[in-house]
Amino acid sequence: MNKIFLKDIIDTEQLFHISFDKFLIYACWTYISANNKQDHYIFKKLLYDLVQTYLKFKKYSKLIEVGEKLYELYLKSQSENKDNVINLLQNLAYAYSEVGNNKKALELQKKGYELCVENYDGESPKAIAALNNLAIINSDLGDLQTAAILLEKVCDTALRSLGEKHKNTLTYLRSLATVYFELEDYSKSLQVAQKAYELHCK
């Protein structure tokens, strides 16, 4: 398995011409293998960069393979950078959604959101965005009622925390209007859409 991950890194460099240094990778790998320390921060940094590369080039199956390995390593560490863990969970959730496994995406997105709330203010931009992503996945699963409830919370929090003119606030309002429309609650859909338009025109 370890050799597969090393090969992924090298192949990625050759295929996409990104800025990985082949000699540095071999040196890191030699150190990690010799000391039997897969949890070494250099190895985890390489895997994290590889996940970001696969995300950029929409290689979602590869992202999931490497990302799941990295998440296992993160779980073993008590001092891991929480931002890295949250970003990884959201990237994994997005990748699973893109390959059609929305149930797994929902599970990981929930963990990412809970970690956001645990480590940041629940009204922080990161937490709001994570909750919005959770609403999107519920919508993709056909659970429009839950999506609407979550988006209502997203919009209320964004209006209070980000402000009425913030571009993300307007995006969240439009998303809520769309979900109301799909639920055939046309009155609420029109009301929210009008509010988004009025705020946009201010």
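A salt bridge here is a side-chain nitrogen of Lys or Arg within 4 Å of a carboxyl oxygen of Asp or Glu. The views below come from a predicted model. Searching the whole structure gives 6 salt bridges.

**View 1. Lys-45 and Asp-49 pair within helix H3.** Lys-45 and Asp-49 form a salt bridge, and their closest N and O atoms are 2.7 Å apart. That distance falls within 4 Å, so the pair qualifies. Both residues belong to helix H3, which spans residues 41-56. They are separated by about one helical turn because they sit 4 residues apart in H3. Lys-45 is partly exposed, at 46% relative accessible area. Asp-49 is also partly exposed, at 22%.

**View 2. Glu-107 and Lys-111 pair along helix H6.** The closest N and O atoms of this salt bridge are 3.5 Å apart. Helix H6 covers residues 102-119 and holds both partners. Lys-111 is partly exposed, with a relative accessible area of 33%. Glu-107 is partly exposed too, at 34%.

**View 3. Arg-160 and Glu-123 link distant parts of the chain.** Their salt bridge has its closest N and O atoms 2.7 Å apart. Arg-160 lies in helix H8 (residues 144-161), while Glu-123 lies in the loop between H6 and helix H7 (125-140). The partners are 37 residues apart. Arg-160 counts as exposed, at 53% relative accessibility. Glu-123 is partly exposed, with a relative accessible area of 28%.

**View 4. Lys-104, Glu-107 and Lys-111 make up one salt-bridge network.** Salt bridges with shared partners join the three residues.

**View 5. Helix H5 packs against H6.** H5 runs from residue 82 to 98. The two helices meet at an angle of about 160°, with axes 8 Å apart. H5 is therefore roughly antiparallel to H6. The crossing is left-handed. From H5, the contact residues include Val-85, Ile-86, Leu-89, Leu-92 and Ala-93. From H6, they include Ala-105, Leu-108, Gly-112, Leu-115 and Cys-116. Lys-104 and Lys-111 of H6 are also among the contact residues. By class, the contact has 10 nonpolar, 6 polar and 3 charged residues.

**View 6. Gln-90 is a buried residue of helix H5.** Its relative accessibility is 15%. The cut-off for buried is under 20%, so Gln-90 qualifies. Leaving aside neighbours within four places in sequence, Gln-90 is in contact with Gln-109, Ala-130 and Asn-133. Gln-90 and Gln-109 are also among the residues that make the contact of H5 with H6.

**View 7. Helix H8 packs against helix H9.** H9 covers residues 167-182. The angle between the helices is about 155°, and their axes are 9 Å apart. H8 is therefore roughly antiparallel to H9. Their crossing is left-handed. On the H8 side, the contact includes Leu-144, Ala-147, Leu-151, Val-154, Cys-155 and Leu-159. On the H9 side, it includes Tyr-172, Leu-173, Leu-176, Val-179 and Tyr-180. Glu-152 of H8 and Glu-182 of H9 also take part. By class, this contact has 13 nonpolar, 2 polar and 2 charged residues.

Notes
Residues are numbered from 1 along each chain as its sequence is written. This is a predicted model: local features need pLDDT of at least 70, side-chain atom pairs count only at pLDDT 80 or more; totals for chains, interfaces and linings use all residues. Side-chain values use heavy atoms; hydrogens and water are left out. Buried means under 20% relative accessible area, exposed over 50%, partly exposed in between (1.4 Å probe, protein chains only). Axes are lines fitted to C-alpha atoms, for helices over the stretch in contact, and angles run from 0 to 180 degrees between N-to-C directions. Angles under 35 degrees count as roughly parallel, over 145 as roughly antiparallel, 65 to 115 as roughly perpendicular and the rest as oblique. A crossing is left-handed if the near helix is turned anticlockwise from the far one by less than a right angle, and right-handed if clockwise. Contact means heavy atoms within 4.5 Å. Ala, Val, Leu, Ile, Met, Phe, Trp, Tyr, Cys and Pro count as nonpolar, Asp, Glu, Lys and Arg as charged, and the others, Gly among them, as polar.
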